[in-house]
Amino acid sequence: MTSPFSFSLLFFFFFFLFHSSNSTEYLKLPLMQKSPRSSPAELLAADTNRLSSLHATRTIQSPLISGASTGSGQYFADLRLGTPPQRLLLVADTGSDLIWVKCSACKNCPNNRRPGPGSAFLARHSKTFSSHHCYDPQCKLIPHPKQTRPCNRTRIHTPCRYEYSYADGSITSGFFSKETTSFNTSSNKEAKIDKLSFGCGFRISGPSVTGASFNGAQGVMGLGRGAISFSSQLGKKFGNKFSYCLLDYTISPPPKSYLTIGSSQNDRVLSKFFSYTPLLFNPLAPTFYYIAVNGVTVEGSKLPISPSVWKLDEEGNGGTVVDSGTTLTFLAEPAYRQVLAALRRRVRLPAPEGGANGFDLCVNVSGVARPRLPKLSFLLAGKSVLSPPARNYFIEVSDRVLCLAIQPVKTVSGFSVFGNLLQQGYVFEFDKDMSRLGFSRRGCALR
């Protein structure tokens with residue numbers, strides 16, 4: 001395997017497994033990798049674009065502007081939608097709420113002139129498809145086109161229209177609809193969930209949803225905190241929590257990672273090994289999973305970073321978000337500069353020839369069997385500590401050249417982001433009922 005630390009889009013081949021434990025069902029979704037992989041330059045550009053989209057969501061007027069992944073470290077889900085089921089590849093994104101798919105009526109979707117199986121959702125081929133009426137309560141949960149006609153509650157065929165925007169001007173719009181989803185159970189029986197709300201897109205434009213970084217996906221599966229997200233809708237049946245485990249992507253063949261909706265018996269057994277930190281709520285960005293960072297240590301020494309750097313203020317600025325769709329980690333610039341300086345002082349490896357490939361700190365580990373890199377830890381609210389291995393914050397950008405996979409957030413109003421690379425090798429559990437985030441290195445390989 002060449003350049004094992006360079007990222008690509010990860011591909012979910014989902015077969016849905018239900019298990020029974022004390023009469024509690026949960027949904028388990030295995031994850032796998034897909035090649036080819038993106039270059040470090042492409043990864044940086046894609047993550048930067050995503051961050052601009054995420055930061056643009058902090059507005060009361062448009063609380064549901066999507067933070068859908070545009071980076072090469074995104075994850076994908078294979079959703080079975082309709083009757084009979086149609087399989088669609090969706091971006092799984094904790095930074096957005098809406099589930100939407102390309103529909104066969106899409107007029108400007110790439111490769112959609114003659115939509116075939118898997119290229120778009122063929123609504124006319126499903127016996128259970130219907131649009132939400134514009135007067136349905138669910139229609140109030142989504143953003144609408146500016147020029148939407150007034151809703152006529154007495155007309156049967158007055159569909160609910162949505163329009164979801166991205167910071168770069170990309171747009172998906174269409175009918176907010178409902179459909180049956182199908183899953184395979186552990187006993188090889190088919191289970192169905194009726195009336196999953198989703199956007200049936202017939203207008204899709206812009207690089208975020210049509211460019212190469214979207215890599216052939218047919219839509220987005222929002223896993224955010226809102227009522228219309230995939231995790232919230234399925235949480236009504238399986239429990240209002242979800243977790244995932246991202247295993248080491250450098251191993252070949254790549255191991256399976258998992259997303260679980262609900263709680264399994266194994267989760268309850270392992271809960272004593274979890275560390276927990278409260279999930280914070282930002283009314284200006286209600287989709288995102290915020291946590292409180294109290295400090296950072298390098299080699300056990302706490303850095304002199306002002307607590308105000310991490311604060312989520314009353315205007316919705318700052319704070320730290322845990323996000324599955326961003327690959328690298330982004331820290332508010334004052335914190336980043338302290339972390340960078342502390343790591344530089346403690347690195348005892350030579351710099352590579354030929355520059356740093358857009359990263360601020362790189363080292364050449366040629367001839368070093370076990371390179372020692374400084375230990376980085378994040379002190380979180382609830383007296384929990386996230387101490388990832390060095391491979392979670394140093395990536396190999398070329399042969400035997402490792403670079404710091406942390407970048408600065410330079411905008412004053414921007415928030416820090418813990419990306420999926422930093423989360424690798426941990427079980428992360430998003431418990432909405434108890435408003436907490438749990439994490440543990442114990443049990444990740446068991447999922």
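Q: What makes helix H3 (residues 230–238) count as mostly covered?
A: Seven of the nine residues of H3 are buried, where buried means a relative accessible area under 20%, exposed one over 50%, and partly exposed anything in between, calculated with a 1.4 Å probe on protein chains only. The buried residues of H3 are Phe230, Ser231, Ser232, Gln233, Leu234, Gly235 and Phe238. Just after H3, Gly239 takes a positive phi of about 115°. This is a predicted model, in which local features need pLDDT of at least 70 and side-chain atom pairs count only at pLDDT 80 or more, while totals for chains, interfaces and linings use all residues. Residues are numbered from 1 along each chain as its sequence is written, and side-chain values use heavy atoms, with hydrogens and water left out.

Q: Why is Asp93 called buried, and in which element does Asp93 lie?
A: Asp93 lies in strand E5 (residues 86–93), a strand being a DSSP run of type E with at least two residues, just as a helix is a run of type H or I with at least four, both numbered from the N terminus. The relative accessibility of Asp93 is 0%, so Asp93 counts as buried.

Q: What is the setting of Thr326, and why does Thr326 count as buried or exposed?
A: Thr326 belongs to the loop between strand E18 (320–322) and strand E19 (329–332). With 0% relative accessibility, Thr326 counts as buried. The C-alpha atoms of Thr326 and Gly95, 231 residues apart along the chain, are separated by 9.1 Å.

Q: What makes E5 and E11 paired strands, and in which sense do they pair?
A: Two strands pair if DSSP finds at least two bridges between them, and E5 and E11 have four bridges in the parallel sense. Within this pairing, Leu90 stands opposite Gly219 in E11. Strand E6 (residues 99–102) is also joined to E11, by three bridges and in antiparallel fashion, with Ile99 opposite Met221. In E11 (residues 219–222), Gly219 and Met221 point one way while Val220 and Gly222 point the other way, and all are buried.

Q: Why is strand E16 (residues 293–298) described as largely enclosed or largely open?
A: Five of the six residues of E16 are buried, so this strand is largely enclosed by the rest of the structure.

Q: What is the strand order in the open sheet of three strands, and what is its average twist?
A: The order is E20-E24-E23 with antiparallel pairing, and the edge strands are E20 (362–364) and E23 (394–398). The twist averages 35° from one strand to the next, taken between axes that are lines fitted to C-alpha atoms (for helices over the stretch in contact), with angles running from 0 to 180 degrees between N-to-C directions. Three bridges join E20 to E24 (residues 401–404), and Cys362 has Cys403 as its bridge partner.

Q: What is the volume of the largest pocket, and which residues lie nearest its centre?
A: A pocket is an open set of points on a 1 Å grid over the protein atoms alone, with protein on both sides within 12 Å along at least five of seven lines, whereas a cavity is a set where a 1.4 Å probe fits but cannot get out; lining residues have an atom within 4 Å of a point. The volume of the largest pocket is about 390 Å³. Of the 16 lining residues, Thr148, Arg149, Thr158, Pro159 and Arg161 lie nearest the centre.

Conventions
Grid points are joined across faces, edges and corners, and a volume is the space filled by probe spheres set on the points.
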